[in-house]
Amino acid sequence: MTKRLSLIALLFISLFSGCKDDMSAYECDACTNNPEANPAYDNTGQGIYKGVLIGSSGNIKVNMANDGTTISAVIVIDGASVTLTGNGTYSTSSGFQGSFTGSFNGGTIIIPFSVSNIGVVSVGSPTIPGHSNVIFSVLKERSTQLVEAYEGTFRGADSGTFNMLILRDNQGNGVWYAIARSDADFYLQGDIMSNDLTGGGGELLVTGEIGGDNVSGAWQNTSVEAVSGTWKGKRTL
């Protein structure tokens, strides 16, 4: 317990002495600050879904009949935006089981996608020309809770992509979910209090701070003290 508390203290010292100064003036002009989800579908599978992906880096927004009928999606990967067509129909009893497709890099994007009638989402193994081994993290947005997507990187004893989803209230409290990739893939999650992040996954401890459309922090392998570093990202959705 003493070792873990010492590591947490070390990470917070690192975060507030080094990372805070790196928070830039970047603003996501294309991002909305209000939920787009239709309140009529908050407790169903219909509505708006937002997510991030790695392999390389990007985000996705799914319109699952948020207007009652339209099923479509927009994926942005390495800055290229592609509108996708939904293949399948939404059922109030069983949800949606189908895919999203579109043209990209001279080929066809295919993203298997399913949603239960209460909003539990699953993304299958996608086909994206020029991008292998892509994985997604996707959340359902509700009319009372905006989903924000951030794309970034981590560095230090290891380096790679670090993309995350944030859900928080007007006081800056909520939860976060992230996917990270270096030699392996990691799923991480934690809590947000007054825009400060804590959490992690397995032996990884993560701390951070949200500042406007920027987020940054530190990471530590709790079993190997020398394995640590920093991370940062910018909001893109």
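Let's start with a group of rings: Tyr49, Phe96, Phe100 and Phe113 come together as one aromatic cluster. Keep in mind as you look around that this is a predicted model.

Now step back to the whole chain. The protein has 16 strands and one helix. Of its 237 residues, 46% are buried. Its accessible surface is about 11,000 Å², and carbon and sulfur atoms account for 49% of that area. If you take the contacts between residues at least 6 apart in sequence, 47% of them join residues at least 24 apart.

Eight strands close into it, in the order 9-10-11-12-13-14-15-16, with antiparallel pairing. On average, neighbouring strands of this sheet are turned by 25 degrees against each other, ignoring direction. For a close look at one pairing, take strand 9 (residues 147-156) and strand 10 (residues 160-168), which are joined in the antiparallel sense over six bridges. Tyrosine 150, for example, has methionine 164 in strand 10 as its bridge partner.

Let's return to aromatic rings. How many aromatic pairs does a search of the whole structure find? The search finds five. Planes over 60 degrees apart count as edge-to-face. This pair also links distant parts of the chain, since phenylalanine 154 sits in strand 9 and tryptophan 219 in strand 15 (residues 214-221), 65 residues apart. Are these two residues, phenylalanine 154 and tryptophan 219, buried or exposed? Both are buried.

Methods: Residues numbered from 1 in each chain as written. Predicted model: local features only at pLDDT ≥ 70, side-chain atom pairs only at ≥ 80, totals over all residues. Heavy atoms only, no water. Pairing = 2+ DSSP bridges. Helix = DSSP H or I, 4+ residues; strand = E, 2+ residues; numbered from the N terminus. Axes fitted to C-alpha atoms, helices over the stretch in contact; angles between N-to-C directions. Phe/Tyr/Trp six-rings, centres within 6.5 Å; stacked < 30°, edge-to-face > 60°. Buried < 20%, exposed > 50% of the residue type's maximum accessible area, 1.4 Å probe, protein only. Contact = heavy atoms within 4.5 Å. Areas by Shrake-Rupley, 256 points an atom, 1.4 Å probe, with all protein chains shown as cover.
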